[in-house]
Amino acid sequence: MDLHNEAVKIREAAAQAIEACRTIEDIEAARVKYIGRKGELTLLLRKLGEAPPESRKEIGRILNEIKDEITERLKSRRSEIEQAHRSEALARETIDVTLPGRRPRLGKLHPTLRVLEEIVNVFVGLGFKAVEGPEIETEYNNFDALNFPPWHPSRDDFDSFYVADGFVLRTHTSPAQIRVMKSQDPPVRVVVPGRCYRRDTPDASHLMSFFQIEGLYVDHDVSLADLKGTLAIFAREVFGPETKIRFRPHYFPFTEPSAELDISCLVCGGRGCRLCKNSGWLEVLGCGMVHPNVFKHVGYDHKAVTGFAFGLGVERIAMLKYGIGDIRTLYENDIKMLSHL
Ligand SMILES: [Zn+2]
């Protein structure tokens, strides 16, 4: 049979077969069938040697042209199929932009830290400087220099954490007063935020570790009126402009006279409710005029200077401010706690 005629038939059959391909597998099958190692056109090319010598070159050219044509058709049909697949996949995977998105959750400061910063900022606004002290203190700074008598119960190792002979995990931030006064002359105006430790069994209002903010103002002629005025501003800034305050006599070793500061109840405003146990008042902090013995310990002239000091529990303020009933919830790592803010 005439090689040329046969090649033309293969060319037409291949064109039709390639056109009918629907998948990449179909394309591959067509390639094998026509131009593969044992493909119909390949076999024809092998027969070229049988052709009469005068027409061999011409037929060879035609067969190669047909091979190129089939290769080209396979390639173009293949890319058509691939394109079609891509379009289908795109249509399937279309994103529904009308669905509401998921908002990323933003982090917030913990209520304790937030209140701590807020309180420190109020006092910084009044001219106080924020300083820090170490959490491991000498027994001397934590007790003796602050005029704690030897029989005071906090000195008992059932009430405080002693870490080595003469050293204790500070039970309050007040020893920082001693450090500050020993390092400078009056006037002194500092607030000391920090963590403190006591051997308390945790319950709704006690933890073994908690934050305090200590305040100290020492100068010539500092009076109880200055203390009251300063704390009145603090109470209004932190709890709201309607907040009233009152002093109740109290005892602390390092202040004389000593007082506890109450604020008008945040829930009932003073009429009486469950939170304030019908008293209309909430206890907020301890304060007083610096005891002359404390001045003696730091080398100040107790006849020439006077001062006031106060100390507050940050968790307690956060609980009052955000209506948190149990101090332990502040440390349970439940992210819902942050919804109070
Ligand atoms: Zn109340």
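How close do the axes of helix α1 and helix α4 come, and at what angle do they cross?

Author: This is a predicted model. The axes of helix α1 (residues 3–20) and helix α4 (residues 53–92) come within 10 Å, and they cross at roughly 5 degrees. Angles under 35 degrees count as roughly parallel, so α1 is roughly parallel to α4. On the α1 side, the contact includes Leu3, Ala7, Ile10, Arg11, Ala14 and Ile18. From α4, the residues include Ile59, Ile62, Leu63, Ile66, Glu69 and Arg73. By class, the contact has 13 nonpolar, one polar and five charged residues.

Elsewhere, a zinc ion is coordinated by the SG atoms of Cys265, Cys268, Cys273 and Cys276, at 2.2 to 2.3 Å. The site is tetrahedral, with angles of 105 to 115 degrees among the four donor atoms. Along the chain the donors follow the spacing C-x2-C-x4-C-x2-C. Cysteine 265 and cysteine 276 both lie in the loop between β8 (255–264) and β9 (281–290), so the pair ties together parts that are 11 residues apart in sequence. Both cysteine 265 and cysteine 276 are buried.

Lysine 277 is in the loop between β8 and β9 too. Lysine 277 has a positive phi of about 50 degrees although it is not a glycine, and at 72% relative accessibility it counts as exposed.

In strand β8 lies proline 257, joined to glutamate 256 by a cis peptide bond with omega of about 0 degrees. Another cis peptide bond joins proline 186 and proline 187, with omega of about 5 degrees.

Notes. Residues numbered from 1 in each chain as written. Predicted model: local features only at pLDDT ≥ 70, side-chain atom pairs only at ≥ 80, totals over all residues. Heavy atoms only, no water. Donors = N, O, S within 2.8 Å, 3.2 Å for Na, K, Ca; no water. Tetrahedral: all angles 85-135°; square planar, octahedral: opposite > 155°, others 65-115°. Helix = DSSP H or I, 4+ residues; strand = E, 2+ residues; numbered from the N terminus. Buried < 20%, exposed > 50% of the residue type's maximum accessible area, 1.4 Å probe, protein only. Axes fitted to C-alpha atoms, helices over the stretch in contact; angles between N-to-C directions. Parallel < 35°, antiparallel > 145°, perpendicular 65-115°, else oblique. Contact = heavy atoms within 4.5 Å. Nonpolar A, V, L, I, M, F, W, Y, C, P; charged D, E, K, R; others polar.
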